[in-house]
Amino acid sequence: MKITKILIANRAEIALRVISTCKEMGIKTVTIFSESDKHLPHAYLSDESYSLGEGTITDTYLNKEKILEIAKKSGANGVHPGYGFLSENTTFSKMVTEAGIAFIGPRPDSIEMMGDKIGSKKVVEKIGVPMIPGYHGDNQDAAFLQNEANKIGYPVLIKASAGGGGKGMRIVEKESEFIENLDAAKREGLKSFGDDKVLLEKYLTEPRHIEVQMMSDNHGNHLHFFERECSIQRRYQKVIEESPSIALDDKTRKEICEAAVKITKFMNYSGAGTMEFIFEKGKFFFLEMNTRLQVEHPITEMVTGFDLVKLQILVASGEKLNIRQEDIKQKGHSIEVRIYAEDPDQGFMPTIGTIQGIGKTSMKNVRLDTGFAPNTEVTVNYDPMLAKLIVWSETRTEAISKMLKALDEITYKGLKTNRDYLKRILAHKSFHAGETYTSFVKVHAKDLEPKVLTVEDKAKLLAVFVGLENKVSSVGSGKTESASYNVWNSIKEFRNV
Amino acid sequence: MKRKILLNGLMTEFEANQTPTHIEIMLEGQKFLFDKKGNLEDQIILSLNSVNFKGETASMYSQSQVFAGNLEAVFEIPKNKAKALDHSAGPVSPMPGKVFKVMVKNGDKVKKGDGLMILEAMKMEHTIKASSDGVVKKVLFKEGDMVLGGVTLVEIGN
């Protein structure tokens with residue numbers, strides 16, 4: 001079925017991302033928006049847009065019936081779910097398919113299989129893809145456990161089954177220290193949780209998050225688009241991603257990508273997906289599969305030159321992908337940073353405000369995927385991600401320095417963002433050295449604190465303030481009406497209350 | 001003109017003089033002379049010892065955001081002492097959010113622990129309570145207003 005009109009069941013940057021590919025393919029787009037989002041570009045940059053009314057996310061972007069009704073009414077014959085929201089919801093994908101509309105995503109059975117985090121691991125293990133070595137069984141005999149620990153290889157982590165918060169957790173460095181630590185972990189488990197059952201796992205000291213971009217059609221073509229490294233995370237959320245990964249040599253890269261293809265082949269997968277692995281010292285272990293387009297997909301597009309959304313649409317139309325694996329190559333280096341409305345120096349607390357301006361850059365191969373425009377308000381109702389900034393360069397070193405420059409230029413006026421924090425990470429010597437482990441922001445927390453301003457820095461800031469304070473700015477007053485005002489006066493006014 | 005400002009929360013005393021072509025800043029016993037190179041709609045291009053940089057400002061509720069080259073800082077007019085004392089008696093927003101409900105009006109008598117306002121933040125409702133007995137001197141926000149974290153919401157006096 002040729003897809004001619006797509007309803008995008010999402011908001012903000014990913015909705016705009018899908019619109020851009022649809023335009024190139026001559027496909028009409030339909031967007032949906034909650035009333036609180038009606039000023040955001042996704043509410044008006046499509047060919048048609050419909051309001052989901054007021055209310056919580058459940059009433060709006062997760063309202064399956066309403067969204068399907070809009071799809072039918074608008075005559076869309078394809079639904080793109082983006083990421084998050086309904087992208088991995090099989091009830092929704094079935095409803096869409098049953099209405100005779102193409103769901104631009106995998107079949108429901110694939111989503112269900114990978115949605116079961118324990119079940120999927122068992123399946124993947126069966127086809128010979130490595131898991132983090134461990135013992136999670138019922139046999140608690142000390143000699144037996146010692147033997148299992150030896151098999152896993154040291155260091156080994158002993159965890160109280162019922163545990164949490166570090167209690168009943170022991171890291172064992174060598175075989176001779178196993179029994180004493182086992183006894184201690186069991187005692188702690190019993191004292192803290194009334195249960196002395198333990199489990200064993202390989203302790204990873206330098207783990208990295210490496211994932212492989214997958215794309216399969218319905219004609220038996222299971223392709224990979226190489227890896228992304230997303231080890232820089234805060235609170236389990238990715239902040240900086242890059243491709244290729246500095247940690248992989250050609251041989252390991254081939255192995256990890258082939259392992260990923262083995263899984264999509266086995267599932268007879270269809271569409272875009274991401275195979276996530278934990279990687280340490282040349283070894284990789286399967287973590288999970290995401291059965292959707294990923295936030296960080298642009299870096300893969302930058303290094304391979306393929307438009308992943310276009311491929312998704314082609315696959316959902318039932319077309320055969322005329323791409324051979326050997327046609328897909330990684331060229332150069334790409335980095336993405338996620339610009340969040342948050343204050344990294346205040347415990348990553350979300351920030352709010354009205355975006356009064358977004359900086360511009362004239363550099364080539366810099367891409368800003370954002371769902372906000374000047375004079376739009378950022379509230380705490382949705383995810384704090386404002387934008388993704390993506391750069392491409394010939395080498396990693398060049399890409400880092402280009403990203404630092406781009407971050408200087410892409411300012412977000414009107415609210416605090418993590419922009420400076422991202423620069424501190426990128427400028428860190430360990431980041432340059434490629435020592436990008438998932439513990440990065442914790443280990444280097446001290447170095448990532450804001451730099452102390454010099455007298456000259458302060459003088460520069462003061463000069464700007466003084467130079468602009470009496471100028472009428474074209475900025476909104478925080479409430480989006482475009483009243484002109486003076487920064488200094490507006491402060492005084494507020495303080496006079 | 002001698003001035004005081006909170007720069008990233010730190011009290012900063014400085015002196016500034018401006019001509020159509022220059023800005024002079026005196027700070028911590030040092031003098032900095034900036035050339036005004038360009039003056040666009042809402043930007044300024046300055047130069048210090050021939051090094052050019054771009055400056056911009058934006059308002060952020062009660063504060064100002066200032067960009068200078070690769071620097072970004074928050075400016076705030078310092079509160080005077082009397083005000084600061086008043087404010088210290090009032091309850092403060094625990095995090096940024098939206099005022100969902102205002103339960104008191106100016107002049108109301110309140111007891112310690114009375115609910116004053118409900119703030120909606122991080123998808124939860126937070127009741128803002130009076131920290132002491134007193135009289136509501138001023139409700140600083142109305143329903144539907146967005147507030148930053150750490151901002152006084154209601155002034156309470158004796």
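1. Basis of the model. The model is predicted, so that local features need pLDDT of at least 70 and side-chain atom pairs count only at pLDDT 80 or more, whereas totals for chains, interfaces and linings use all residues. Residues are numbered from 1 along each chain as its sequence is written, while chains are lettered from A and ligands numbered from 1 in the order in which they are written.

2. Overall form of chain A. Chain A holds 16 helices and 23 strands, which are DSSP runs numbered from the N terminus (helices are H or I with at least four residues, strands are E with at least two). Along the principal axes, the C-alpha atoms of chain A fill a box of roughly 80 × 65 × 45 Å.

3. Burial and contacts. Of the 497 residues of chain A, 47% count as buried; a residue is buried if 20 or more other C-beta atoms lie within 10 Å of its own, exposed if 12 or fewer, and partly exposed in between, with C-beta atoms placed from the backbone. Among contacts in chain A with a separation of 6 or more, 64% come from residues 24 or more positions apart, where contact requires C-beta atoms, placed from the backbone, to lie within 7 Å.

4. The open sheet. In chain A, five strands in the order 3-2-1-4-5 make up an open sheet with parallel pairing, two strands being paired if DSSP finds at least two bridges between them. Strand 3 (48-51) and strand 5 (102-103) of chain A are at the edges with a single partner strand each, so one side of each has no neighbour in the sheet. Strand 4 (residues 78-80) of chain A is joined to strand 5 of chain A by two bridges, and the bridge partner of G78(A) in strand 5 of chain A is A102(A).

5. Helix 1 of chain A. This helix (residues 12-25) has 14 residues and reaches 21 Å from its first C-alpha to its last, close to the 20 Å expected, the expected span being 1.5 Å times one less than the number of residues. Its buried residues include I14(A), L16(A), V18(A) and C22(A), and their cover includes strand 1 (5-8), strand 2 (28-33) and helix 10 (308-316) of chain A. Just after helix 1 of chain A, G26(A) takes a positive phi of about 70°.

6. M95(A). This residue lies in helix 3 (residues 90-98) of chain A and counts as partly exposed because it has 19 C-beta neighbours inside 10 Å. Leaving aside neighbours within four places in sequence, M95(A) is in contact with K64(A) and L68(A).

7. Nonpolar cores. In the largest nonpolar core, of 107 residues, I6(A), L7(A), V79(A), I256(A) and L386(A) touch the most other members; such a core is a set of buried Ala, Val, Leu, Ile, Met, Phe, Trp, Tyr and Cys residues joined through C-beta atoms within 7 Å. Apart from it lies another core of 21 residues, among them L462(A) and V66(B).

8. The contact with chain B. Chain B gives 52 residues and chain A 40 residues to the contact, and strand 6 (51-60) of chain B is one of the strands that each supply at least two residues of the side touching chain A. The largest share of that side, seven residues, comes from strand 6 of chain B.

Note on methods. Contact = placed C-beta atoms within 7 Å.
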